Amino acid sequence: MKAKKKSVIAIILGGGQGSRLYPLTQTRSKPAVPIAGKYRLVDIPISNCMNSDIKRIFVLTQFNSASLNAHIKNTYTFNAFSQSFVDILAAEQTPDNPTWFQGTADAVRQCMPHFLNHDFDYALILSGDQLYQMDFNDMIEEHMKYEADITIATLPVNDKDAPEFGILKTNSDSCIESFIEKPAKELLPNWESDVSEQMKSEGKKYLASMGIYIFNKDLLIDLMKNPDTKDFGKEIIPQAVENKKILSYQYEGYWTDIGNIDSFFEANIGLTDDIPQFNLFDNDNKIYTRPRLLPPSKFNKTVVEKSLISEGCIIHAKEISRSVIGIRSRIGDGTVIKNCYVMGNDFYQNIDDMKEDAENNRQLMGIGKNCHINYALVDKNCRIGDNVHIDGGKHLADFSNELYAIKDGIVVIRKGAVIPNNYVIK
């Protein structure tokens, strides 16, 4: 039984303040954080929807949403005669809802009047801060086949990772019969579920919720009538396990929750692997983003190894290895970049501005000459001077000032920061 695409709407949850991704979320919402040099995090769930031919999409957001609004407006424009759309629904105070979003379920509750303006049978609810490629049609068809009330995408995990997730236990019909949030390791033996032989061989015997849900429309409307339930993972799902038919849809592909600086950094650097777990080069699973019409990147005597270089860059670096270089990046002579994500720039400096900066001993936009930068994340529009030495790693304690922050050994240069010549972080 195949679902008609007009019977499904997608709801992408933009998240709260994104404090664990700070300082990347200092001036932007979590879904607007740049990823892989040229995309934004929100492009991932939207692209998964579009590749599944689901093209009625709402993005719910609350904090620092200006850049996200601009990105979606400039990217997702459909045929005027189509019913397709990607709409931003920012938190708004109304006579019925005088407060901001209090959680994932509360966000959906407050936006329900907008959803109900459209004809749909199923609501696909997604997170805006995950990296994965999934055909949602398979999940929707399983939901319909088993006549489930709710379907949850689940990921087999091992006993090391299980305490970080909400763990679900299934019966022989793949229906969820119990749920526990972030179980202690000693409780895990009672929470094994039936998984594939491949997953068993890898020790992945526990099913973690991926935060991806399908709800029947009538049930969602009914659940949203209770204003005391604020969150899907902590309240809605555990309560529904007792009296609703909840199906587990097992997903065995690559998936990562980009919730903190460490996972965000590793997800980006992982893209430089020979065969990365997340495939940007898949004809059938394209990642859509804003078409910027930038020129090709230009290199001069640069050795590049296992790196992704986005378009519009001007690179004179000595060496770039295991790094992701974002759009419009400028890197000076003799500089060595290793294990870094450089997000690039939103615009080019013109020649006159560069001359003026040089004459007044001001740093140019980009990264200067003879720098050495290792294990760092350079946010957009930074000006890093000459002979700067940044050597991140586990030897560094967490730290924060107006120029940069250190989290889990990763040096994060703040957006628009100006780093003087000869500056050292090590």
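**View 1. Aromatic pairs in the predicted model.** Twelve aromatic pairs turn up when the whole structure is searched, and the structure shown here is a predicted model. The arrangement counts as edge-to-face because the planes are over 60 degrees apart. Since phenylalanine 58 belongs to strand E4 (residues 56-61) and phenylalanine 115 to helix H3 (residues 104-115), the pair ties together parts that are 57 residues apart in sequence. Phenylalanine 58 and phenylalanine 115 are both buried.

**View 2. A tilted pair between a helix and a strand.** Phenylalanine 264 and tyrosine 341 form an aromatic pair described as tilted, the ring centres being 6.0 Å apart and the planes 35° apart. Phenylalanine 264 is found in helix H8 (residues 261-270) and tyrosine 341 in strand E21 (residues 336-342), so this pair ties together parts that are 77 residues apart in sequence. Phenylalanine 264 is buried, and tyrosine 341 is buried as well.

**View 3. Charged side chains over aromatic rings.** Lysine 217 lies over the face of phenylalanine 120, at a distance of 5.0 Å from the ring centre. In another part of this view, it is the charged end of arginine 328 that sits over a ring, here the ring of tyrosine 348, at 6.0 Å from its centre.

Definitions and conventions: Residues numbered from 1 in each chain as written. Predicted model: local features only at pLDDT ≥ 70, side-chain atom pairs only at ≥ 80, totals over all residues. Heavy atoms only, no water. Phe/Tyr/Trp six-rings, centres within 6.5 Å; stacked < 30°, edge-to-face > 60°. Helix = DSSP H or I, 4+ residues; strand = E, 2+ residues; numbered from the N terminus. Buried < 20%, exposed > 50% of the residue type's maximum accessible area, 1.4 Å probe, protein only. Lys NZ or Arg CZ within 6 Å of the ring centre and 35° of its normal.
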